[in-house]
Amino acid sequence: MSNLIITGIPYSYWCEIVLEQVGAGAQKHPRHAELSSLCEQICRDHHQAEDELGWRSFVPDAAHAEQAEQLMRQGSGAGTTYWADSNAALNLDFWREADPDNFFILFFSSPEWMLGNFIDSALFHRIEADRVVEAWIDRARNFLQFALNHRKQSLLINVESLGADPASFATIIESHFGLSVPAKPQQELCYPRQSTVTRYVASSLLLTESRVSDLYDNLRSASTAVHDQDHDIDNLHDRHDLLLDTFLNEVRGLRDQSERLAELEAEFSLKQQQVTKLLDELEYYYTMSKKQAGMFTSYLESEALLRVARWARVIQ
Amino acid sequence: MRIPGTDLLTSEEPDVMVYLGTRLVHDFSVFRSGNLEKTIFVEPDPVRAANIRREFEDTPGVAVLETAIACEPGRGILNIANNRRFSSLLPPTGLLEFYPNTRVTESIEVETQTLETLCSILAIDWQKNNLLIIDVGGMEKEILAHASMAALQNFRWIVIRSSDLDLYGPASVKAGQNMMDTLRHAAFTVFTWRENTPPFIQIVCIKNDFQIENEELQGNLKELGRQIEQLEARSEEQKKMIRQSEELLRANAGLEVRLESLTKQKTNLESKVQSLETSLSKKSVEVEEMQRAVRINNKLMLKSNTDYKDLQSQYRKALEHQDRQHVLLCELKEKLAEAAKFYGRLNLEDAVLESGSLDHERSERGSIPDGAESSDH
């Protein structure tokens, strides 16, 4: 029996991959829910009032160790079981000590992918964006440190590469850990695609942050290559420059759309003005016609002969 | 990952900083904040060198030297990795265990300098507080193991990013040990600490002036001790030679007496030799005569042998004749015996015939002519 502890960087949609790929072959740990709630509880106790985005790597109290060990041990059964939780990324050594035979799959993504997903998912706020970047740095540093210290027990995988070739996941687990996880037939993963504008904005925000570039390059060097694109370790500036043309095209498209919208709005406004004018005219004519009708009625009522004729028509 | 040596920039405020290999230089603000008179980045990778040049183009006192530091000046091949932080003059080996997704994407020829030539090019003043940071992808072991003490002592602090494993080939652990020995020998106090993530270590070396003076004094003391030892050894040798010459003189007197008696013995022996030679010449004449006699004897012997062999052959022939005669005699004897038998039979037959023939003769005598009877006999 082997336990796979799977974790990843937030906003990287690694969980979708786990459900799509691992979930098909391996079983969930029997105490999956308890482990997740224990992990969350440990993090909450440590970080007090801080929200989840502000949680950073830490060493949990030894008091929790026994409970974690017990829960881990209760997963003894045939085959490979997995426990997937984002918060496990914050104390990898703690979970390794809970069962030294655990294997770890650590999903990372580029900082701009994570930040872009965050921008797409919430209203943009610079302070929040900075917190996302800090969270990425914390997890990435922790992953790199853990993976280099426990090379045989851990696997660093780039989520974005795996998205390009999800079927290779089972092969990688088998070749690295010797664990058999049946592969699921290849299919496109259903996690959201980022627009170039979002990606460009995200990478622009990171240009001044020198720490992420260094860390991300080293993470990719230490990772297991899933796809040919993993071999290209281009730096943030190059990636940013590569996005420029597509970004400009998209911006140009948006500008065209915006201009067309403005034209349409102007046309609409003109039409609206015309309609208003028309309404005014109609109202005038209506008032005039009403006035004329009143005049005509009074004329009819004032003339005796016409009044008799009218009365006779009514009787008929 | 912390940029090596940056703590020293703030705590010690060096005058000059020489940075070999800029793989970890990502936060340039660190180098702007110090009170450095001069900062020299030495980077062989043209892309990284251009980045740094661009970054510091408006900063006075910062220079970028696009060259690699090696054991020999000239040209070298720089292996550019997909992660340019791992580019080196050496190909990655053990590094791949930690960073498996590292590939050499291109190899370019670059200029190389030694640490000595670099110091002379940069005109490093050894009296100033200079800081040397080395992060050259495994080459540090070779460079420092071969560096001269004078070149190293140009710097007050040396910070090295290295590893106790062989991350790049073919530098060896032995080269690493040599590097540490060289640094200690060059009067540096060496501190080593591991980075949070393996496999790198950082070695901080601080020049110890007291140790240098102490080593100089110890060197002088050793030299003096060596000279004294040499003088003592020389004086001992001279005493020994005097003793030997005295012994030789004593031995010489005894030898002269011995020589005299030997000369006499020689004269006696010469006269004996002369008489022996005379008798020898006589004996040789005698020997010659005897040899001649022996030769004659030999000839006679040869002749008698020939005669003897001849006699032997004649005797053999005589024996053969005798045997043949014996055989013939035997045959003759047999024939005579047969003849005798035949004769006896003939006598008997003759007697019978004689009696019969007489009758017959008597009967036929008248028919048989006289000549025919005589021819049957």
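Residues are called buried under 20% relative accessible area, exposed over 50% and partly exposed in between, as judged with a 1.4 Å probe on protein chains only. The views below show a predicted model, in which local features need pLDDT of at least 70, side-chain atom pairs count only at pLDDT 80 or more, and totals for chains, interfaces and linings use all residues. Residues are numbered from 1 along each chain as its sequence is written, chains are lettered from A and ligands numbered from 1 in the order in which they are written, and side-chain values use heavy atoms, with hydrogens and water left out.

**View 1. Overview of chains A and B.** Chain A comprises 12 helices and 5 strands, whereas chain B has 10 helices and 10 strands; helices (H or I, at least four residues) and strands (E, at least two) are DSSP runs numbered from the N terminus. Of the 316 residues of chain A, 44% are buried, and of the 377 residues of chain B, 32% are buried. Contacts (heavy atoms within 4.5 Å) were counted between residues at least 6 apart in sequence; in chain A, 81% of these join residues at least 24 apart, and in chain B the share is 66%. Chain A exposes about 16,900 Å², of which carbon and sulfur atoms supply 53%.

**View 2. Surroundings of S110(A).** S110(A) is placed in the loop between β4 (103–108) and α5 (111–121) of chain A. With a relative accessible area of 1%, S110(A) is buried. Residues up to four places away in sequence aside, S110(A) touches W136(A), E160(A), R199(A) and Y216(A).

**View 3. Salt bridges in chain A.** Over all chains, the structure holds 30 salt bridges, each defined as a side-chain nitrogen of Lys or Arg within 4 Å of a carboxyl oxygen of Asp or Glu. E40(A) is bridged to R44(A), and the closest N and O atoms are 2.4 Å apart. Both residues belong to helix α2 (residues 32–47) of chain A, where a spacing of 4 residues separates E40(A) and R44(A) by about one helical turn. E40(A) is partly exposed at 30% relative accessibility, as is R44(A) at 35%. A further salt bridge links E134(A) with R211(A), whose closest N and O atoms are 2.6 Å apart. Because E134(A) lies in helix α6 (residues 126–149) and R211(A) in helix α10 (residues 210–222) of chain A, this pair ties together parts that are 77 residues apart in sequence. E134(A) is partly exposed, its relative accessible area being 30%, and R211(A) is partly exposed at 30% relative accessibility.

**View 4. A salt-bridge network with residues from chains A and B.** D214(A), D217(A), R220(A), D234(A) and R85(B) are linked in a network of salt bridges.

**View 5. A nonpolar surface patch on chain A.** V275(A), L278(A), L279(A) and L282(A) make a nonpolar surface patch of about 380 Å². Patches consist of residues with over 30% relative accessible area and no salt bridge, joined within 9 Å for like charges and within 5 Å for nonpolar side chains (Val, Leu, Ile, Met, Phe, Trp, Tyr). V275(A) is located in helix α11 (residues 236–302) of chain A and is partly exposed, at 46% relative accessibility.

**View 6. Charged residues in chain B.** E229(B), E232(B), E236(B) and E237(B) form a negative surface patch. Asp and Glu count as negative and Lys and Arg as positive, while His and the chain ends are not counted; a charge is placed at NZ of Lys, CZ of Arg, CG of Asp or CD of Glu. E229(B) is part of helix α9 (residues 209–364) of chain B and is exposed, with a relative accessible area of 55%. K303(B) forms a salt bridge with D307(B), the closest N and O atoms lying 3.9 Å apart. K303(B) and D307(B) are 4 residues apart in helix α9 of chain B and are therefore separated by about one helical turn. K303(B) is exposed at 52% relative accessibility, whereas D307(B) is partly exposed, with a relative accessible area of 39%.

**View 7. Surroundings of A49(B).** A49(B) lies in helix α3 (residues 46–55) of chain B and is buried, at 0% relative accessibility. Apart from neighbours within four places in sequence, A49(B) is in contact with E43(B), V64(B) and E66(B). A49(B) and G21(B) are 28 residues apart in sequence, and their C-alpha atoms are 9.5 Å apart in space.

Conventions: Areas by Shrake-Rupley, 256 points an atom, 1.4 Å probe, with all protein chains shown as cover.
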